[in-house]
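These are notes for a colleague who is opening this structure for the first time. Please read them with the model on screen, point by point.

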Amino acid sequence: MIKQAISVLAASCLMLLAACAPSSTQPTAPAPSTNQPAGSGSGSTGEVITLTLWDYWSTDAQLKALDEMFAAYQKVRPNVKIERTYVPFNDLKNKLLMGATAGQLPDLVAIGNPDLQSFAAAGALADISAEIKEWGQTDKYFEGPWSSTMYQGKNYGVPVGSNNLALYYNEDMLKAAGVEPPKNWEELKQAAQKVAKPGVYGLVAAGIKSEEGAFQFLPFIWQAGSDLNTFDSQGTVDAITLWKELVDSGAMSKEIINLNQQDVAVQFSAGKAAMMVNGPWQIPFLQKEGKVKWGVVPLPSNKQGGTILGGEDWAITSTSKNKEMAWDFLKFTQEPENILAFAKAMGYVPSRKDLIQDSYWQNDPILKAFADGMEFAKARAYGPEYPKASVAMQEMMQQVITGAKSPQDAVKEADAKIKPLIP
Amino acid sequence: MQQPEVRTMGQKTMGIKSVKTKGIRSWSSYLFVLPGLGFLVFFMFFPIAYNFWLSVKDVKVTNLNGEQHFVGFANYATIFKDELFTISLTNSIIFTGLSILFQFVIGFALALFFNKRFPGRDIMRSLMLLAWLMPIVITATLFKWMLAGDYGVFNYLLQTLGVIQQPVSWLTEADTSLYGTILANIWIGIPFNMIILLSGLQSLPDHLYEAAKLDGASRFQQFVHITLPLMRPTILVLLMLGVIYTFKVFDLIFIMTGGGPVNASFVLPLYAYQLSFITFDFSLGATVASIMFLILIALSAVYLWMLRKEEQTL
């Protein structure tokens, strides 16, 4: 009977063990030396060091660019293997946070630049201020992308590459209406109203209640000379009033509050809108799907020009056991020829001032609009509480556009929520 | 009566030893429960308990790896005071109530219809299931397009029929967005209601209806006095499952409206999601999840109580 009891116990233990065994999601080759220090990185010992990386790149072009970069790195460091894990965009933040609490993070991550500060605050990323100082290339970068890699005066990463928002326009429609691509808000309003006709809106932008909506609206606040820390000001009211007037006059659909940036691109490429606010990542889509002739100009200015920075940052995690090697890889990615090759293949705009002068971006009128934007592209470097402030701003946008509240009231109310969150 | 006899005989021949091991035997039989129990503890009790534990602490993104404090029920107080909680609770109740009402009534009508014999019935019945089989992402996106104000087919239809003059932005108007999502959810839920009710209807004995017919009961009287009372257990289970399922609906609303415009279609699951995964207030998110859990537990208790009453009357 005791035997029976033991066998039952053993069986149940086995079952539990089987259930708890790590599922082999990655075809990990035996990596005996992952836990060993990276040493000098010279590779003289012949040991294989594996660097693990999480990112959300998924298109064929992006994967090809990554493979090429890994291959180039392997030539320099034959003993280093980079093992990449794809994490869907929407899961990456959650997975990083879970990994941070469980102490199971990869060595490297590529994360969206507005999120870096949150993860730095959560203690998921390694402070690389000393290495950055020794490296000494900070001044070569645009201020926007560089500021997104810092939190409370410390460095937590380096830029992967940048993008920003600009104004796409339908050449035929603007020509037919006899208007030029708008350079300021007044021209934008007039142009949008002039080209609008039944079935065609003048302008389309993303006003959805998510970070995408906030991303598209923030540049207008900056153009009007306002910001999140001075939210309750005339500039913010002007910016949201501009959108509201465009909607009320029929130049912009009120459905924009349920459109994301891809929806916006679809409407534009289908000829349902004459202009749109969007980023360079839509260029391949428009070239492939678009039945319209289009061009790109920088976003119209008001008190000043302004656009918003998108793109990713490389970062080393706080739990990485190969920090030295990981930093070595980051330095490799930042070498001019590597930045250029990677940016061209991935559709980024370089984050470095000198590299943007490359003919690839200067001679193409479409890419030039985005390259020109880099000078004043601003990052959402507002600290770890930014997501909450963003939600408050999204609510404000929707309240005004649906007409639930006046611009003044909605802005005042949102400011009360944002003020304690943004230093 | 033969079987126990044989067993006692067998035990007798085994002698005194078996009496001694009796204690161990009952103990060892508990061991057989262990794997199942382990599974329950691991995958059900632990997450629930952990979620509750999280809801009485002050975990957010800035102290995820740092110092965390026990704050008692302060998070619950914060949530109850939040205006967004009242909005999402109200919306959740409207969403669940209306969805279940229409799903059930239409599902029941269709079940009665498909309970009849007519040519093509089986094909029609399986086609009806399509709505239930389709991934929510697809259903939600389809309804988002159909209900779109500028180019939606729904507006086109209503305008052609002359019901409305101007296109209505169903999903971006505060007055209609919640009802737009309810419409989609009703469409999804009808087949499930129909199938469960139909299987209940088919198990009802024919002779009762024959007897009622002989006594001159009308169709309606047959329905009220035979079908409904006999279907009570099925209906109870169905409504219970429906309420639990509908109360937790997240993906459909998330895709169709994202809770907007402003917060017009914001429901509790979206509220919990926003707190946990957008603003990274993990403890507050866990608090909302706990509140939802308690509401559903209370509903389940009512169901169990009704079920027991049902059994007693039988």
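This is a predicted model: local features need pLDDT of at least 70, side-chain atom pairs count only at pLDDT 80 or more; totals for chains, interfaces and linings use all residues.

1. The phi angle of Phe280(B) is near 60 degrees, a positive value in a residue other than glycine. With a relative accessibility of 1%, Phe280(B) counts as buried.

2. Gln152(A) belongs to the loop between β4 (150-151) and β5 (154-155) of chain A. Is Gln152(A) buried or exposed? Its relative accessible area is 65%, and because the cut-off for exposed is over 50%, Gln152(A) is exposed.

3. The second largest pocket holds about 1,000 Å³ of space. Its lining is made up of 29 residues, and those closest to the centre are Asn51(B), Leu54(B), Ser276(B), Phe277(B) and Ala286(B). Two or more lining residues come from each of α3 (89-102) of chain A and, in chain B, α4 (34-55), α15 and α16. Of these elements, α16(B) gives the largest share of the lining, 9 residues. Sorted by class, the lining of this pocket consists of 20 nonpolar, 7 polar and 2 charged residues.

4. Helix α15 of chain B also contains Leu268(B), which counts as buried at 0% relative accessibility. Leaving out residues up to four places away in sequence, Leu268(B) touches Phe85(B), Ser88(B), Leu89(B), Ser92(B), Phe247(B), Val288(B), Met292(B) and Ile295(B). The C-alpha atom of Leu268(B) is separated by 16 Å from that of Ser177(B), a residue 91 places apart from Leu268(B) along the chain.

5. In chain A, Ile132(A) is placed in helix α5 (residues 129-135) and counts as buried, at 3% relative accessibility. Apart from neighbours within four places in sequence, its contacts are Thr138(A), Trp146(A), Asn155(A), Gly157(A), Val158(A) and Trp327(A). Although Ile132(A) and Trp327(A) are 195 residues apart along the chain, their C-alpha atoms are separated by 9.4 Å.

6. Asp115(A) is found in the loop between β3 (108-112) and α4 (116-121) of chain A, and at 15% relative accessibility this residue counts as buried. Which side chain does the side chain of Asp115(A) meet in a polar contact? The partner is the side chain of Lys93(A), at 3.3 Å.

7. Over all chains, a search of the whole structure finds 44 aromatic pairs. One of them joins Phe70(A) and Phe329(A), whose ring centres are 6.3 Å apart and whose planes stand at 55 degrees, so the pair is tilted. Phe70(A) lies in helix α2 (residues 60-76) and Phe329(A) in helix α13 (residues 323-333) of chain A, so the pair ties together parts that are 259 residues apart in sequence. Phe70(A) counts as buried at 12% relative accessibility, and Phe329(A) at 0%.

8. Tyr168(A) and Phe370(A) form a tilted aromatic pair as well, with 6.0 Å from centre to centre and 55 degrees between the planes. Here strand β7 (residues 166-170) of chain A, holding Tyr168(A), is linked with helix α16 (residues 365-373) of chain A, holding Phe370(A), and the two residues are 202 apart. Both Tyr168(A) and Phe370(A) are buried.

9. Finally, one aromatic cluster is formed by Trp57(A), Phe70(A), Tyr73(A), Trp314(A), Phe329(A), Phe332(A) and Phe342(A).

Definitions and conventions
Residues are numbered from 1 along each chain as its sequence is written. Chains are lettered from A and ligands numbered from 1 in the order in which they are written. Side-chain values use heavy atoms; hydrogens and water are left out. Helices (H or I, at least four residues) and strands (E, at least two) are DSSP runs, numbered from the N terminus. Buried means under 20% relative accessible area, exposed over 50%, partly exposed in between (1.4 Å probe, protein chains only). On a 1 Å grid over the protein atoms alone, a cavity is a set of points where a 1.4 Å probe fits but cannot get out, and a pocket is an open set with protein on both sides within 12 Å along at least five of seven lines; lining residues have an atom within 4 Å of a point. Grid points are joined across faces, edges and corners, and a volume is the space filled by probe spheres set on the points. Ala, Val, Leu, Ile, Met, Phe, Trp, Tyr, Cys and Pro count as nonpolar, Asp, Glu, Lys and Arg as charged, and the others, Gly among them, as polar. A polar contact is a pair of N or O atoms within 3.5 Å; within protein, one must be able to donate a hydrogen and the other to accept it, and residues adjacent in sequence count only if both atoms are side-chain atoms. Contact means heavy atoms within 4.5 Å. Rings of Phe, Tyr and Trp (its six-membered ring) pair if their centres lie within 6.5 Å; planes under 30 degrees apart count as stacked, over 60 as edge-to-face and the rest as tilted.
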